[in-house]
Every structure is written in C-alpha cells, then in structure tokens.
Amino acid sequence: MTSIETVVFDLDGVLLDSEHVWDEVREELARERGGHWHARAQADMMGMSSVEWSRYMHDVIGLEDAPMQIDAEVVRRMSARYVVDLPLVDGAVAAVRRLAASFRLGLASSSNRELIDSVLAAADLTALFDATVSSEEVARGKPAPDVFIEAARRLEVSTESCAAIEDSGNGIRSARTAGMRVIAIPNARYPPPADALALAHVVIESLDRLTIDVITG
C-alpha cells in the first residue's frame, strides 16, 4: 500500500463556504439577462470548469452573451463579493497550516485561476501550497479526474500517494477516479448523493476533524 505523502484540497465548499455565492451570482446574472434559471442548475454546474459552466449558462440557461463573456462577468462579480466578505470555512486556515507541517499540499479547484490566487493570497495561504490547479487549465472539469491528476503531476507524485479533501458528489467522484484516498466533508448546503459519498474512504464532519491519522488511515 502506498503511503500518503501529499494532501490535495478542493477550494469551494472545503476551504471556502462559497457554493451558495456561485449559485446566487449565476442566478442573478441569468435573471437579469433573460435566462431561464431552474432548480437543478446549481447541482448541474457544481464541479464544472469555467469553460463548461459558462457554455451551460449559454446553451441551457439561455443567456445570449458568449460563454467567454459570461465567464468574465461571473468572475468579476465573485471577486467583488470576496473583497467585501471572504467566506472562509471555520477552521480552514488552521487545517491548512496544521497539515502543511506534515505533508506537501496541493489544490485542485473548479474555480478560475484568478479567484484561486486571490483567495489564497487574502487568507495568507499561498506559500503553503506547492501546486494549485484550476479546472480551466485541464480538458475536463469534475467529476472527470483531470484536475486531480494534473495536481499530482505538478507535485511530481503518484495519485495513489495523495489524499484528496472534497465536499461534493462530483468532487468525490473526481478524486476517487484519479486514484486518490478521498476524505469527504459533506457540504451542508449541497450534500453529496449517497452513492457518491459511499466512494469516500473516510467521511468526517468538519475541518477540525482533519488530522494526520485521518489522512494516513
């Protein structure tokens, strides 16, 4: 059995209580511009790369703007929200610092590169991550494994030597398909489906429970 050398965090829903912010911003934009928002839109887009969800907003929600313009406007609004209130999850900074003392850290996120960099800088965590990957930098977003595989590649480790920290169904599926040990912290606002949660190696309630023993099993 390969020992765990590296921890790869998700961002939205794990370190940042932001899934509802994405939901609010995209719904607001859709309603402003004559789109047809529906109840499953957030669940459908959770884990998608920016290329994928902006195309979804164009093709399915029905916004007339080009996907690239939709992406830019959503990111602009998200950035403005974060400047006013950065919604860090309780214990996020402490958990990252605690694990950085024992493991190399990576981050595999569906957020845009601009948002990843600004959030980590605002939380004073940038220096603790050896590699960060946005799903806009790979071919496919979650639940495809691409973003986690790329994180391991940049860290120069095997995926089997990584533990992934995830909250969503698509994120859990992505990390498990990549071959990582999966620690799930279910998102209270958008809980993962039971079949996805069953793929996790460990399920914990909060970042406070994220210890070295949980990581290594």
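Helices (H or I, at least four residues) and strands (E, at least two) are DSSP runs, numbered from the N terminus. The model is predicted, with local features needing pLDDT of at least 70 and side-chain atom pairs counting only at pLDDT 80 or more, while totals for chains, interfaces and linings use all residues. Residues are numbered from 1 along each chain as its sequence is written, and side-chain values use heavy atoms, with hydrogens and water left out.

**Helices α4 and α6**

- The axes of α4 (residues 67-84) and α6 (residues 113-122) come within 10 Å and cross at roughly 10 degrees; axes are lines fitted to C-alpha atoms, for helices over the stretch in contact, and angles run from 0 to 180 degrees between N-to-C directions.
- The two helices, α4 and α6, are therefore roughly parallel to each other (angles under 35 degrees).
- In α4, Val75, Met78, Ser79 and Tyr82 meet Glu114, Leu115 and Val119 of α6 (heavy atoms within 4.5 Å).

**Pockets**

- A pocket is an open set of points on a 1 Å grid over the protein atoms alone, where a 1.4 Å probe fits, with protein on both sides within 12 Å along at least five of seven lines; lining residues have an atom within 4 Å of a point.
- The second largest pocket is lined by 13 residues, and Arg40, Ala43, Met46, Pro191 and Pro193 lie nearest its centre.
- Two or more residues of that lining come from each of α2 (41-45) and α8 (169-178).
- With 3 residues, α8 gives the most to the lining of the second largest pocket.
- Among the 15 residues lining the largest pocket, Gly13, Asp17, Val89, Pro186 and Ala188 are the closest to its centre.

Notes
Angles under 35 degrees count as roughly parallel, over 145 as roughly antiparallel, 65 to 115 as roughly perpendicular and the rest as oblique.
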